[in-house]
Structures are given as structure tokens and as C-alpha cells.
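Please consult the sequence and the structure shown below alongside the text.

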Amino acid sequence: MPTEEIRVRGTVQGVGFRPTVYRLAKACGLGGDVCNDGEGVLIRVSGSEEAITDFVARLQTECPPLARINQLTRTPYEGKLKFDNFVISSSVNNGIKTEITPDAATCLQCQQEIFDPFSRFYRYPFTNCTHCGPRLSIIRAIPYDRCNTSMSAFAMCSECGKEYHDVENRRFHAQPVACHVCGPAAWLERADGKSVTASMFSMLDDVDAVCTLLQKGEIVAIKGLGGIHLACDATQETVVQKLRQRKKRYHKPFALMARDIEIIEQYCIVNAKEKELLTSSAAPIVLLQVSDKKQLASSVASGQNTLGFMLPYTPLHYLILRRMNRPIILTSGNVADEPQCIDNDDAREKLGKIADYFLFHNREIINRVDDSVVRVIGDKVQTIRRARGYAPASISLPLGFQKVPPILAMGSELKNTFCLLREGKAIFSQHLGDLENAAAFNAYQENLNLYLNLFEHQPEIIAIDKHPEYLSSKFGKLLADTNKIKIYPIQHHHAHIAACMVENGIPLDSPPILGIALDGLGYGNDGTLWGGEFLLADYRKFQRLATFKPVAMIGGEQAIYQPWRNTYAQLLAANLWDDCEHNYTDLEIVKFLRNKPLKLLNQLIEKRINSPPASSVGRLFDAVAAAIGIYRNECSYEGQAAIAMEAIVDVSSLNNDKETLIYPFNFGFLDSIYCIDPRPMWQALLNDLQQQIPQPIMAAKFHQGLANAIVEMVKHLSQENLINQVALTGGVFQNCILLEQVTKRLQTLGIKVLTHSLVPANDGGLSLGQAVIAAAQLIHER
């Protein structure tokens, strides 16, 4: 009788894969066994050829909801099986090549159980099964067994043990399985240290009491799945303002959670694709267009025309929101830009002056995992922050990268992620934040060490950003020196383009494509700051074909947070400031700038004192926004002015090719490459300001003009280079209007447009690009 060994690799542990194998093997009349090991799942089966073939086919079509088969191989088994029936064997520890499953939102069956008074899981806030629940957030080591998670602290009761060992039960080998009797517990504390008594609320339990507190206008810190959040009623302006002041997050939009889609639809327009994302096992924050039906507190997301909503993704959230008929804010439990708290004692210390109450539990969070953020542009999902629900699921690399050695890519300074590359797969970390914050940098090092240990990853190469002052680059150099590993410095915008190429499946040996990388800034090969680049690139190398005219960032980093600096620098670079002082003296922007220390600023530019020239399109957006009166004086986070300008665009003015509705740009040369010069745009904008053209019209004209200039540049470059594919990448292309306008115009020219979906267009996707460029360069060297 034929006997085979079937090796399955992918996301196949902790997702109910072995019970599925067992069920299908029994149905097909096969004998043998199945076990977890470091490579994934190993199956040995004995039966007729037809039965084995049917079994393999059904295994792929009836895969569990959270499982993903990356590779399935069948080989003859020479030994003799000792099993008369089919059994599930114990896990085997060997070299680790399997994947860790992302944390998954509560499945429908578990949702039903927590609200069923006859279920033993009634109102239990940590209910889960193999189809849902914690994964990455609680794991210490592979294989994903209970002893390797923070659930090892909780011994299963007899009832949970019975379900855990019952192969027909959906909790069979669900490692976090627990109940009221044996599992983690949640409790409520007052931030002032006073005791909480049941008589205060007369609620069902402490979790239910949180809803009452939120309704009364209190701020509650809630320990969830991958971190602690701060929550309050999103309809009460007073408490939202209080949260902003205490948290020191003065303007950045807050994330929201609502009990169900129906509540979200009272505030936002939700299409079918967005509903699918909201209700998926990843359950990300989805950016949704604001509707005119109902309004939240004005300071939830001032200056925005979108709101970031998510649905409950743990039983704890469902139980809290059961009686909540309006949205709540659910934002990271931290101060300003520090990492989200994950430990109870740490939260008491750091959040004690922000929250009025704490809802804690005693299941340890091993890995901090922020909420993911996505949006839908056209019919395509765009990932803005890749974390809970998506990380650390691997990304399959295109043809040509199957046999590269282990590589570690360190990522960027802002919106950091790191990436482990091996055997045709990229293991992409969750979002780790901005490393300029000391606590975030410490967390970055801890997470990196954890991943290297979890996956037993011993890199032979380390890839870093070329910027000499990035902490990720400095740390990468230290690791390389310490371990005698070769280091590959990778240009910032080349990495952006390579990341976009990877997720669009461009093979390693493909001819170069045109990549357009627009962002805040990145370190260029010439030692200057780039941020508006047209690169003819493959995975190994690139040629800079065009750029935007470099303009001084007066005060360096200050220019990011004070947009008027960029306006003045742009007007100077366009030789229009003298004209402003003579012909546009009544304009608000001119009056505003004349009150600044212009002589000092001029000296800083002339002597290049902390005022480096940068071809940054991000700063161009800031300059235009400030000129038309949007966040002119100060921003509290990068891109705030640009985002607010996008939000006010008069969409009825778009898709109109009349010259009067498009700001013009010039085309010239800079050091033998093409250059886009915004001078005529500024002249036209000043005229519009003088004629008191409404802000939404001017914002639309800028977006259309910029899109038109980009496409015209592509036309120029296409005449000299073989270009039939263009990759759009960098943080600026998170602007929906610009992305849609450029994409539509390029497609009209018959050019294939590559955009991001799996990884962020911003610096959050940079480590993937760094890793594949290093791999391509290594392959070429060999």
C-alpha cells in the first residue's frame, strides 16, 4: 500500500491545521500521523494513491480560516508506519522554518458564546479557539505550544483540557484556551489608588462597569491584546479635549472603535470592501470617508475628512461595548510618541495621570503589537501601518530570490519595521514606531532580538539605510562589527521602489522600471537630501533620471513642524520674494512672513547653516498648505498640513484638464538630470491668493498640477528610456487624490502602474526593500 510523507510549510501552527488533517485523513480512509515541527506540519499517510491524492486536494481547498499553505511537497515514505488508524503526534523540536500566526479577531462562534447565558464562556473576556485569539502577542518561542506562550502560567481546568484534547472540538490544541475557572482574569482599578466597590456601578462585572464609566465621561486605560489603550466617549468634546491635554497628543487624529457596522455607518460612508476589512480576522483600523449624518466631538480628528474606525477584535472589547450605542476613542496607551504600555505596573506609572481608571488583566503581553491601519483607494487596499492581524505573516518573494542566505534589514528612523529574509520569504516585523524616541529605540532592539531568537535567524548580511545618523543604521553597523557580518548600505528611495516591486511580483532578473519615490526626505547618493525622485531601477542598482528642484529646509527638522519655513524657502528659490514685497503686500502669507527674522533666515540659507537643500515633495506640500492658510505656523506631527490640505480639496474641480484648474510647473535640468521647478505654480498661486480664490479650489489646482507635472516628466523620460512600468511609492503617495490622479493619467498613456498594498508606501515598508536589494547585490557579486 502506498505510503507518503507530506511536508506542509506556511502558517500552519496554532490555527487548527492538524485537526483538519486528522478529519480529512479519516474521511479519506488513510492511516498515519501528523505533527508540528520547526518547519511547519509533517504528515505521514498510508492508503491508496487515489485516497492520498484526494486527501491532498481537500487539504488545500478546506484549509482552516487562519491557515496559509505556502508549500506542500509529497515524497515516498520508505519506512513502515506503526499506526493502524490516523493519529495526532506530539510536536518535534528542530530547525525553525515555520511561521508565527498574526493575532486574530474573535470569530463568530466565540462571539456567540460570550453572550450565551448557557455557555461556560458566558461573559468570559478571554474566550478563543483555533480560529481566533492571541498569537504573536503571547508567543516566546516556536513551536507555538502553550508552554512557549504567556498562557503557560495558567493550568487548564478539566473542562478546558477535555476540549483541548478533543480532535473533533474547534478548541483542539488551541494554545490560549481558558475559561472563568482556569484562565486570565480582568479587574478594574482607580487611578487614584482608591478601591473600586461593586456598589459604585451595580453592573454585571468590572468589564461591564467600563461601559458605564465611558458613558459618564471618564477616561479608562484598557489592557487589550497587544497593548494598553486609552478609551473615552468620542461624542463628548470635554473628555476628548481632556484626553488630548493629558496624553500630550494635541492634534493627531484618534482611532475609534464602535460596537458594530451600523454605528460606524452613522458617521462614515462604508463600502463593501471596507466592510470586508472591518470584519476580517485582521480587524484593522480602516480610514473611512466622513458622512454628513452625525458628528463626533470636533477634536477627534480636526482638519480631516476621514475617520479611522475599527470593530471589536477581542471578547473584552465586545463585552465593554455591548451597551455602548456610540463610538469610543481607543488610542495607544502612551505619552506623546513613547511606545504603547504593555505591563500593568508600567501603565500605573506612566498613565496614572492620564486615565481615571484602569481595566487590567493578568495575561502577560510578550510582544507589543499596535493596531494596523489601512484604507481603500479605488478597489485596492493600501496598508498605512502593518501590525496586529497582519504581522508577522511572511511575504513571498518574486522569482529569483529562492536561495538567498539569511539577511537582516534594519529599516528606517521613522515608522520603523525590520525584515528577516530567507529561503524566498520575507518575515516583516510589526510597526515599531519612531526610533528618535529613546523608549521606542529600546523596544526596537528588544523586538529584533526576540525575532532573531524566535526564528533562529542568523543573518549573514545586514542591510541599513545610507543615512549616517539613523539609529537603525548605527545599530546595524554595531551588530555587523560585533558579529563580523558584511553590511550593505541601501539608498532610501531605491529601497522604497524595491519594496513596491516585491509586492507586485517583479522577478529578480527583470529589466529596470521607473520608480517615482516622493516623501519627506532620504539620504541621497550625493550626500544631499532627496525626496522627489525619478529612478530607473532594478533590484541591484538605480540611475537617477529626474528630481524636484532642491529647496532649503530652513532650520533642518524645524521645517517639518513649522510649514511657513518651507513657504519662505520656496518663494526665495523661485525668486519671487522681492515680487511679494512689492506686488503682494496685502496677502496674509506675505504679512505673516515679514514678521519673521528674514535676515537671519537668509543668512542660514546662504551659509548653509542647518538649512540643507532637499528635493522633498513632502515639504512642497507643507509650503503650499501654509501659503493658503492651513497650519501655517506650526504642526504637531509630520505631514499634518499636507493631510489637512488634501481633506479640503474641491473634488468637483478634479478630472478637469482646463489650464485654469491646473497649476503649471516648469521642466529644466539640474546637474545633467531633469528637474521639475515649481516656480510658475507659485506665481499662479500668489495670483489666486490675491483674487481670493477659495482654499478648496487652490488645493485642487495644486494636486492636479502636481499630478500633471509628474506624468509630463514620465513622458519626457519615456522618450529616452524603455519604460512600460512605473512604481509609485513613498509617503506622499498615501495622498489618495495624488495617487489616483497620477495612476489614471499614466494608465491612459498605456503604462502599467505598480502601487503598494501589502506593505506601507511610507517608511514602514523600507526594510523589505533594503533586504531584497542586499540580496540582489549579493547574488550579482557571486
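An open sheet of six strands is arranged in the order β17-β20-β19-β18-β21-β22, and its pairing is mixed. The model is predicted.

- Strands β18 (residues 407–409) and β19 (residues 419–422) run antiparallel and are joined by three bridges.
- Ala409 has Cys419, in β19, as its bridge partner.

**Pro398 in a loop of the sheet**

- The loop between β17 and β18 contains Pro398.
- Pro398 has a relative accessible area of 6% and is therefore buried, the cut-off being under 20%.
- Beyond its neighbours within four places in sequence, Pro398 is in contact with Val502, Gly505, Ile506, Pro507 and Tyr539.
- Pro398 and Ile320 lie 78 residues apart along the chain, and 44 Å separates their C-alpha atoms.

**The α22–α23 helix pair**

- Helix α22 (residues 695–720) packs with helix α23 (residues 736–748) at an angle of about 40°, and their axes are 9 Å apart.
- Because of this angle, α22 is oblique to α23.
- The crossing in which α22 passes α23 is right-handed.
- On the α22 side, the contact involves His703, Gln704, Leu706, Ala707, Asn708, Ile710, Val711 and Val714; on the α23 side, these meet Ile737, Leu738, Gln741, Val742, Arg745 and Leu746.
- By residue class, the contact of α22 with α23 comprises nine nonpolar, four polar and one charged.

- Helix α1 (residues 17–27) is mostly covered, with eight of its eleven residues buried.
- The buried residues of α1 are Phe17, Arg18, Pro19, Thr20, Val21, Tyr22, Leu24 and Ala25.
- Strands β1 (3–11), β2 (31–37), β3 (40–46), β4 (68–76) and β5 (86–88), together with helix α2 (49–61), are the elements against which the buried residues of α1 pack.

Conventions
Residues numbered from 1 in each chain as written. Predicted model: local features only at pLDDT ≥ 70, side-chain atom pairs only at ≥ 80, totals over all residues. Heavy atoms only, no water. Buried < 20%, exposed > 50% of the residue type's maximum accessible area, 1.4 Å probe, protein only. Helix = DSSP H or I, 4+ residues; strand = E, 2+ residues; numbered from the N terminus. Contact = heavy atoms within 4.5 Å. Axes fitted to C-alpha atoms, helices over the stretch in contact; angles between N-to-C directions. Parallel < 35°, antiparallel > 145°, perpendicular 65-115°, else oblique. Left-handed = near helix turned anticlockwise from the far one by under 90°. Nonpolar A, V, L, I, M, F, W, Y, C, P; charged D, E, K, R; others polar. Pairing = 2+ DSSP bridges.
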